[in-house]
Amino acid sequence: QGRRHNRATSWASSPCHAESSSDFEAKWHEMFEQVFVNIPSIYFPYREYTPELKDNIIHFKVNNEIQKENIEIQKRDILEFLRNHFDHAIEDLVITSDQTFIPKKIIYDQKDKFENFAEENPNFVDFVKILNLHMS
């Protein structure tokens, strides 16, 4: 256990920490594309999300219990991939449900696209009003 503690401490305080973090992010997204591509309730809202890696434990936040269950089912595949392709010292994946956590809004139709674009670009609403455009 002393070795594990030292490894976690040295990883967090080493100058390579940012590089290791970006390596983790790259391997996480590579794994995510393979494991979750056929699970739309996880794939679309979380494909740009990177969980936190702290002391060799991955902390993944989800919005609800159904998402948590869907990820739990894939936990073995997630850990196997990351241990083989990133760091064999990864110990666990902890999934927490937090209803206030929203990773990314899913856009279903034209109205959602409009609302999302308007949220990101507040001046767009004024532009639409000036041109007297209507969403059908």
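**Entry 1, ground rules.** I am working from a predicted model, in which local features need pLDDT of at least 70 and side-chain atom pairs count only at pLDDT 80 or more, while totals for chains, interfaces and linings use all residues. Residues are numbered from 1 along each chain as its sequence is written, and side-chain values use heavy atoms, with hydrogens and water left out.

**Entry 2, salt bridges.** I looked up salt bridges, defined as a side-chain nitrogen of Lys or Arg within 4 Å of a carboxyl oxygen of Asp or Glu, and the count came to two. One joins the side chains of Lys 27 and Glu 30, with N to O at 3.3 Å. Lys 27 and Glu 30 are about one helical turn apart because they lie three residues from each other in helix H2, residues 17-35; helices here are DSSP runs of H or I with at least four residues, strands are runs of E with at least two, and both are numbered from the N terminus. An α-helix has 3.6 residues a turn, so residues three or four places apart point the same way.

I then checked accessibility, where buried means under 20% relative accessible area, exposed means over 50%, and partly exposed lies in between (1.4 Å probe, protein chains only). Lys 27 is partly exposed at 24%, and Glu 30 is partly exposed at 34%.

The other salt bridge brings together the side chains of Lys 75 and Asp 92, at 3.0 Å from N to O. This pair links distant parts of the chain, 17 residues apart, with Lys 75 in helix H4 (residues 65-85) and Asp 92 in strand E3 (residues 92-97). Asp 92 is partly exposed, its relative accessible area being 27%, whereas Lys 75 is among the buried residues of H4.

Gln 74 is itself buried, and other buried residues of H4 include Ile 71, Ile 78 and Phe 81.

I located Arg 47 in the loop between helix H3 (40-46) and strand E1 (52-54), where Arg 47 is partly exposed with a relative accessible area of 31%. Setting aside neighbours within four places in sequence, I list His 29, Phe 32 and Ile 42 as residues in contact with Arg 47, contact meaning heavy atoms within 4.5 Å. Phe 32 and Arg 47 are 15 residues apart in sequence, and their C-alpha atoms are 7.0 Å apart in space.
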